[in-house]
Amino acid sequence: MQAAVPLDTAADGLLEDMARVIACRDSRTRFGFSPVATRGHGLGYRLSRLEDTAQVFAFKAAKRLSVHIDTYLKRIDSGGREGLKVMLKVEHLTKDFDRLRAVDDLSFELPAGRICGFVGPNGAGKTTTMRIIATLEEATGGEVWVDGLSVHHEPYAIRRKLGFMPDHYGAYPGLTVRDYLEFYARAYELPAAGRSRRVDQIMEFTGLDRIPAKTVETLSKGMRQRLNLGRALINDPLLLVLDEPAAGLDPRARVELRYLVKELARMGKTIFISSHILTELSEICDHLLIIDHGRQVRFGSFEEIARGLCNAQEILVRLLSPEAAPVLERFLLERVGIHHVAPHENGTLSSV
Amino acid sequence: MRVVSIFRDNAMFYKDLTQWLRNQTFLGLFILLLCLAWAASAFITLLPIESGKGGPVLFGLLWGGLLLFTLVILFQGYGLSAREFFTRTFELYELSGMSLERMILGKTWSLLAQFLFGFSCVVPFMFFAFLLGGIDFYDIVMAVLVSLVAVVPVFLATILAAVSAKMRSMGVVGRVILGLVLLYVLGQLFFGVFAFFAFGGGTLFSGWGSFIKQLVALEGSAWMGLATFLVFYAQGCLLLFYLACNAIAPSTDTHEMPVKLLVATLTLSWTAFLGWDFVMDPDFDTLTVMAFSLYIILLLLGISGYYHRTRSPVMAEDRRARARRPFAPAAHTQFAPNAFGTLRTMVGLWLVAVACLVLLTSGLVDIGSGGRMEDAIRVFSYPLQAPYFLAAPAALFYLAPAFRRNPRKLRALVVVWWVGAGLLATIFYVIAAESPLEMPGAEPVSVVLGALASPISAAAVGHDAASRLYFILPAVRMLLGVVGLGLCWAMLWHRALEETRARNHATPAAATPAPQPDGLSSEPLAAVEKKE
C-alpha cells in the first residue's frame, strides 16, 4: 500500500490521475487496484483509503465509489476547469489529393463548450479538414479525435456525437419542413416516443415552428440554413461542425445565425465554424484557427491572435446620420495612429 | 408487428414514400389506371367479339397498363435518386448513421410499395379477364407472380443506374433509355392489340401456367428448376443491391466485401450449374461457356479491383471489427475491400478453375469421348492464364514511379495494352494463318505471340484448334498463371510498403500517439491549464 500524500499538495496531478483511473475502469480494470491508481499523488491517498474500503465492501462498493468520482470529476469540469475535456483534437493532419496537398500538418485542440472559428481563403483546405472530422474523407496522415474517439477507429461512434452542416444542402422535392426533420429523426434512430417532441424542440429553437408545412424547396436561403442547422442538431450532438453557414446570407440572416450559434455555445455545445471572412467570426468565437494553402497559420484564443497578428485594430463605427460620414472620415484621418478609414454602404465606417 | 416496425422505422422508406404521396402525379396516375381498368373491362365485355377472345384482350390491355405505370414509377425513382446523388444528399444520410443497406432497402421498398398501388388496382381486373374466357387461370397466376418477381431486380437496377451516373449527362442518357423502353412498350401494346383484333391470338403468358401445374403435381424437374432459378435470382438481386450500396458509398466507406463474395458465389453456382449440365448431358456442350465465364470474371475482377487502394476504408474496417456473426471475420479477410482482397478472391476462383480442370481430366468424372477431354484441357487453360495478363503489362511499367504511385494509371495502361496489343497480335495471327506460303514459319510465332500478348489475342488464337501448339499451350498457360499470381503478390506488397512509407512521411516525426480514451488530451492537465 502506498504512503498517503495530502490532497492539497498534488491538486493538479489529482485530476489527471482520477481521469486515468476512470479510463482504467472503463477498460475493465478493477477500480482501486490499478497500478496507475496507486502512484502516490493525492489520488494515491484517496485510493489507499478506497482500497481499504474496497477490501471491506468488496468490489461492488468500489464500483459505486468510482461512479461518485466520475460525478465529482464532471462537477469540477463544469465548474470552470473546462480545459480538462478536449472535444476535438487534431494532430498532424495531412490530406493529399493526387499531387495536391490540401491539408498539411494541421494540429490543434479544442476544449469542450468553446466556439472555434476556422478561417482561411477559398481553397485553403477548410472544407477538407471539416469533412475529415465528419468522417466523410479519409486523412492521408495524422489523427483526429472527437470526444476521445478516433476517426480512424470509431467513425460510426463519432457520427453519433457530431452534427455536421456542410456547404451543400441536398435535394428534398415535396418534403415539408416537418417531414424533413421527421425524416432525419428517424434516420438518427431516435426512439419513436420522443421523436416528435425532439422535432418540435428543434423547430422552436430554429424558429421554423412558424412554417412547419412549407415545402423545403420553397424556403429562402436563410431559412434553409436554419433547417440545415436543425438537421445537424437533431441528434443532440456534442460537437457541431459548421462549414461556412453564413455564406450567401443577407446581413439580417447573418445576425440571426450568429445568435443561434451563441445560444448553442451557451447550451454547452462545442462549435467548429468556418468562414473565409475573419470579421464574420470575431463576435462569436473565443478560439480561432487560421489556415492558408492547407498549412496552419495561427491557432489560439481570439485575443491572443489579435495581439500576435498585428498592432493595428479595426474599429467599426455605426453612424446615426450617414450624411456625417465624410466629415467623420476627415476627422478620423487627422488623428494620430489611424491609418485608413473606409465608409460602407450600410452607414458604417471602419477605421484601422 | 416487428415487420411493420421495420418498414415504419426505415427513414428512407418513409421519406421516399412521403415524397411520392405528396407528388401531384401520384393521384392522377392511380385514378387513370383505375379508370383504364374499368373502361377496358366494360368495353371488352360489351364488345360483340366471339367467345374466348375477350379475356386475352382485356388481360393484354391491363398488363400493358401496369407496365406503363411501372415505367412511370421507374422514371420518378430514377430521377429522385439521381438528383440526390448529384446534390450529395446521400452524404447527409450517411452522416446520420443510416447504413447504406438501409438506404437502398428503403428506396427499393418505396418503389415496390408504389408499384403495389398500381398492381392492387389492376390485378382484380386480370382475374375478371378469366371470366371472359380464352385465358387459363394458371397463366394469370403466373403473370401476377412473374410481375412481382421481375420488378425487384428492375427496381434495384434502376437505383444502381441512378447512383452510378457520376455525370449529369449520364443521368440524361438513363432517362433517354427509359424513354425508349416506354415508347417500345407503347408500340408493342398498340400493335399487339391491333394484331390481336386483326388476326386473333393468345397472351404473352400463354402456356406459362403449366409450370405451376407441374409444381402442384410435385414434379421433380419443376421444383429443381424453381430452386435453381431462386438461387440465381437471390444472388443476382443481392449483387445489384450491394453494387448500389457501393456506388453511393463515400470515400471513407465501401461495400466491396459483399460484392466480391457474391461474385465468387455466383461464379461458383454458375460453374456448378454448367458443369452439371456438361456431365449429365453428352450432347450439351457448356464447357466453353463455363470456362470463358471464369476467364472473363477473373479478368474483370482483376482490372476493377486489383489496381486499387491497398488499405480498407475506415468505415469498412470499423464494420469488420464489429462483425460478430460466425464466419464473418473470415469473409471480411478473404474478400477485404482492397487490392489484397481482390487478389485473394482471384486466387480462390483460379483454384476453382484448376479444380475443374483436374476433375474433368483425371477421370474422376465421366465426361464421355476423348474429344471432350481435349476440349476441357484447351478451354480450361484460359482462366488459368488470367493473372498473367493482369500483371505482365503493368510489371513492365511498374519500375517507373509515376505509374507505381498511381494505381489508376497502371489500370489505364493495362486496359490500353489489352486492347492495343490484343488487336495487333490478332491481326498478325490472322494474316499469318491466311497466307502460310507467303510467310513460312510465321504461324507458330503468331500463335505464341497472340497467346502471350493480351487476353483478347489469347482468346482469338487459342480458340482455333488447328495449331499443333495447343497441346503444349495449356501447360504454358498454367505456368504463366502461376508466374502472374506471383507478380501480382510481389507488386502489391511493394505498393503497400510504399504507401505505408508515404503515410509515415505525411505524418511528421512526432508520431501520432495511441487513441486517448475518455476525451483526454495527451498532455498533462497542468499543461493544459497553463495554456488556458
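Me: What share of the 532 residues in chain B is buried?

Reply: This is a predicted model, and in it 47% of the 532 residues of chain B are buried. The label goes to residues under 20% relative accessible area.

Me: And what is the share for chain A?

Reply: Of the 352 residues in chain A, 53% count as buried. Chain A has 11 helices and 13 strands, while chain B has 22 helices and 0 strands.

Me: Why is A:T206 called buried?

Reply: Its relative accessible area is 0%, and the cut-off for buried is under 20%, so A:T206 is buried. A:T206 sits in helix α6 (residues 192-206) of chain A. Leaving out residues up to four places away in sequence, A:T206 touches A:R226, A:G230 and A:L260.

Me: Why does B:L21 get a label of its own, partly exposed?

Reply: B:L21 has a relative accessible area of 41%. Buried needs under 20% and exposed needs over 50%, so 41% falls in between and B:L21 is partly exposed. B:L21 belongs to helix α2 (residues 11-22) of chain B.

Me: What makes helix α3 (residues 126-133) of chain A largely enclosed?

Reply: 7 of its 8 residues are buried, so the helix is largely enclosed by the rest of the structure. The buried residues of α3(A) are A:K126, A:T128, A:T129, A:M130, A:R131, A:I132 and A:I133. After α3(A) comes A:T135, whose phi is positive, near 65 degrees.

Me: How many cavities of 30 Å³ or more are there?

Reply: The count comes to 5. Rolling a probe the size of a water molecule over the atoms shows where empty space is left. The largest cavity holds about 70 Å³ of space.

Me: Which residues line the largest cavity?

Reply: The lining is made of A:P245, A:A246, A:R254, A:L257, A:R258, A:V261, A:I273, A:E280, A:L281 and A:I284. By class, that is 7 nonpolar, no polar and 3 charged residues. Arg and Glu count as charged, so A:R254, A:R258 and A:E280 go into the charged class.

Me: Which helix supplies the largest share of that lining?

Reply: α8(A), with 4 residues. Both α8 (251-266) and α9 (278-282) of chain A supply at least two residues each.

Me: Where in chain B is confidence lowest among its helices, and where is it highest?

Reply: Lowest in helix α22 (residues 525-531) of chain B, at a mean of 40, and highest in helix α10 (residues 220-248) of chain B, at 92. Chain B as a whole averages a pLDDT of 80, and 82% of its residues score at least 70.

Me: Over which residues of chain B does pLDDT stay under 50?

Reply: Residues 509-532 of chain B, for which the model has 50 contacts beyond four places in sequence. Where pLDDT is low, the predicted coordinates should not be read in detail.

Technical notes. Residues numbered from 1 in each chain as written. Chains lettered and ligands numbered in written order. Predicted model: local features only at pLDDT ≥ 70, side-chain atom pairs only at ≥ 80, totals over all residues. Heavy atoms only, no water. 1 Å grid on protein atoms, 1.4 Å probe; cavity = no way out; pocket = protein on both sides within 12 Å on 5 of 7 lines; lining within 4 Å. Points joined across faces, edges and corners; volume = space filled by probe spheres on them. Buried < 20%, exposed > 50% of the residue type's maximum accessible area, 1.4 Å probe, protein only. pLDDT = per-residue confidence, 0-100. Contact = heavy atoms within 4.5 Å.
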